[in-house]
Amino acid sequence: MTKVCIPLFICLSCFFVFAKASPLATSRKGNNTGATVHRGGSELQLHFRHTVKDSTLQLNNVTYTNALGQPYILTKFKYYIGRIYLKSAHGRDYQSEEYFLIDEEEEGSKVIRLQHVPPGEYTAIGFLLGVDSLHNCSGAQSGALDPLNGMFWNWNTGYIFMKLEGRSPASPAPAHLLEYHIGGYAHGYRHMREVQLSLPGLLQIQPGAPAVVHQQRSR
Amino acid sequence: MKNSRALLANLLLWAAGLLLMSLAGDPNTITSKHVAWKTPKGFPPPVYRFKDNPVSPAGFVLGRALFYDPLLSRDSTISCATCHQAFAAFAHIDHRLSHGIEGRIGTRNVPPLQNLLWSNHFMWDGGVNHLEVQPLNPLTHPDEMNETLPRLLAKLQQSPRYPALFAAAYGDTAIRTERVLKALAQFTGLLISANAKYDQYLRHETTLSEQELKGLRLFEQKCSSCHPAPFFTTRGFANNGLPPDSLLQDIGRQKITGRPEDRYQFSIPSLRNVEVTYPYMHDGRMDKLWQVLGHYSRLATDTTLTDARLRAIGPLSANEQVDLVAFLRTLTDRTFLYDRRFIMYP
């Protein structure tokens with residue numbers, strides 16, 4: 001792997017947390033873990049917007065400049081988000097086990113829709129950036145984790161958590177490519193990141209009452 | 001009179017033959033009896049238990065069809081079975097390094113496929129962590145089948161044969177990566193070898209000759225530290241003292257872990273069916289078992305060795321080498337090599 005001296009500033013930002021009322025706001029006790037499974041609840045949408053410095057990321061047609069004054073363009077930005085949870089004063093009140101592949105090129109992928117979110121007052125939202133060890137060792141999987149999505153290493157098995165690709169005349173790699181493929185779940189190479197964002201004010205999810213929260217997060 | 005009796009006898013024989021053939025049926029037929037399996041006596045519980053992938057006759061048949069189908073390679077010339085031959089315990093006899101499409105030569109020797117349910121890592125460097133995802137390697141490797149997943153799924157969908165096979169196995173005709181991989185795991189997982197002469201000896205069904213017994217005792221003294229029964233491997237990694245090949249530049253386990261101490265370490269291979277899995281070692285550099293024993297014997301004078309298990313072997317006399325080979329041959333499991341379930345008849 002070639003080392004390229006190009007610090008990139010990507011801001012993963014702006015969550016619009018939007019709770020939509022669901023007509024079936026019922027809940028029932030389910031499964032043997034004793035956890036409450038809400039069949040009703042609300043739909044929670046998370047909207048992801050990627051920015052470079054302060055402007056919305058545009059693939060292919062905008063030339064950016066890094067802190068060293070080196071120009072670059074970006075051609076691909078894809079990453080996994082999973083194990084999304086919501087925290088209230090009582091602890092984690094909602095936990096999803098699903099994984100999502102967010103791809104700058106696919107508008108639809110930038111909106112995550114969580115179903116059956118129980119009513120409550122939430123103070124923080126958290127998720128894993130990457131894929132946990134268990135899902136890296138569970139064999140063939142479908143959906144976001146289908147190796148078909150090109151986010152899987154075969155020779156040293158495991159998921160690629162994030163792909164950032166582009167070009168820069170300053171890159172010594174063939175065709176001046178920039179390629180950051182980040183992954184790794186084994187001991188000493190754990191590259192998934194726990195992210196927890198406290199919400200500005202309380203997020204109140206109540207049947208019939210839409211709520212919108214903006215959350216800015218830089219990385 | 002004589003003639004007509006002969007004719008009658010012939011006819012009868014012929015009819016009996018036909019009846020027998022129809023009783024035996026299609027040699028490719030698989031029933032639930034064929035896919036029933038249990039942990040062989042003396043084996044630990046398996047690592048891969050077909051959780052989320054229950055074995056069924058239709059799943060196994062689909063996996064076998066895929067395993068034997070050259071459609072899986074980019075130019076439809078190479079199947080898994082091209083490199084993994086049933087009669088060689090699914091290794092590739094007489095090929096040092098793997099041969100992929102367009103005659104492309106890989107960098108490693110094809111290992112046998114056996115008792116994979118008991119393995120927690122795959123490949124010579126242990127880079128693959130799960131039986132189900134292993135096929136992604138040969139499928140997409142440029143020097144092997146050089147196919148892409150989207151193209152492969154499209155080819156399977158368009159083929160006249162696969163939608164029905166997937167429907168039989170999974171209840172509908174959807175063809176997804178997960179289904180392809182799980183069906184292949186049903187086939188490769190059932191490649192269980194546990195009926196060698198050595199196993200029969202342990203079960204008191206047969207006896208070993210004087211020479212084989214001498215070989216067994218020598219083996220237990222000198223080789224079991226790395227190659228212990230029942231799989232004849234610890235499933236660990238080691239450097240068994242082979243000089244590195246300067247052309248291949250294969251650093252082995254270090255490629256996966258990045259740790260300098262893992263340089264030139266390779267997965268300790270199982271020695272079951274070793275008689276038929278030649279050539280030997282990760283790069284297939286040896287063709288004969290006596291060459292392997294010659295190598296271990298010569299290590300006695302190698303002062304650079306750090307692994308105490310290798311230093312403990314010491315020089316092996318000509319007689320000892322012959323005894324060891326006799327013992328290694330008791331690990332050949334002919335029921336496995338000629339098992340009709342694992343062969344695809346045209």
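Domain bounds here come from an automatic or database domain assignment. With that in hand, welcome to a set of close-ups of this predicted model.

**View 1. Chain B is divided into two domains.** The assignment gives domain 1 as residues 27–193 of chain B and domain 2 as residues 197–331 of chain B. Their C-alpha centres lie 27 Å apart. Where the two meet, domain 1 of chain B brings 29 residues to the contact and domain 2 of chain B brings 27 residues.

View 2. The size of an interface is often given as the accessible area lost when the parts come together.

View 3. How many salt bridges cross the interface of domain 1 of chain B and domain 2 of chain B? There is 1 salt bridge across this interface. Zooming in on R108(B) and D250(B), we find them paired in a salt bridge, with their closest N and O atoms 2.7 Å apart. Between domain 1 of chain B and domain 2 of chain B there are also 15 residue pairs in polar contact, counting pairs with both residues at pLDDT 80 or more. The side of domain 1 of chain B that touches domain 2 of chain B is made up of 12 nonpolar, 13 polar and 4 charged residues.

**View 4. Chain A meets chain B.** This contact draws on 17 residues from chain A and 21 residues from chain B. The area buried between the two chains is about 1,500 Å², with 53% coming from carbon and sulfur atoms. Salt bridges between chain A and chain B number 0, while 11 residue pairs are in polar contact, both residues being at pLDDT 80 or more. On the side of chain A that touches chain B, the residues divide into 8 nonpolar, 8 polar and 1 charged.

**View 5. A salt bridge within chain A.** Side chains of opposite charge can pair when their charged atoms come close. Here D132(A) and R83(A) meet in a salt bridge, at 3.4 Å from N to O. D132(A) sits in the loop between β13 (120–129) and α1 (133–136) of chain A and R83(A) in strand β9 (residues 71–88) of chain A, so the pair ties together parts 49 residues apart in sequence.

**View 6. Backbone details in the loops of chain B.** Two cis peptide bonds are worth a visit. One joins A229(B) and P230(B), with omega about 5 degrees; P230(B) is in the loop between α10 (210–222) and β1 (237–238) of chain B. Another runs from Y278(B) to P279(B), with omega near 0 degrees, and P279(B) belongs to the loop between β2 (266–267) and α12 (289–298) of chain B. Then there is D94(B), a residue other than glycine with a positive phi, near 65 degrees; D94(B) lies in the loop between α4 (80–83) and α5 (136–140) of chain B.

**View 7. Confidence along chain A.** Chain A has an average pLDDT of 78, and 76% of its residues score at least 70. Confidence in chain A is highest in strand β11 (residues 99–103), at a mean of 96, and lowest in strand β3 (residues 28–29), at 32. Over residues 1–38 of chain A, pLDDT stays under 50. Where pLDDT is low, the predicted coordinates should not be read in detail.

Terms used. Residues numbered from 1 in each chain as written. Chains lettered and ligands numbered in written order. Heavy atoms only, no water. Contact = heavy atoms within 4.5 Å. Buried area = accessible area lost by both parts, 1.4 Å probe. Salt bridge = Lys/Arg side-chain N within 4 Å of Asp/Glu carboxyl O. Polar contact = N/O pair within 3.5 Å; in protein donor to acceptor, adjacent residues only side chain to side chain. Nonpolar A, V, L, I, M, F, W, Y, C, P; charged D, E, K, R; others polar. pLDDT = per-residue confidence, 0-100. Helix = DSSP H or I, 4+ residues; strand = E, 2+ residues; numbered from the N terminus.
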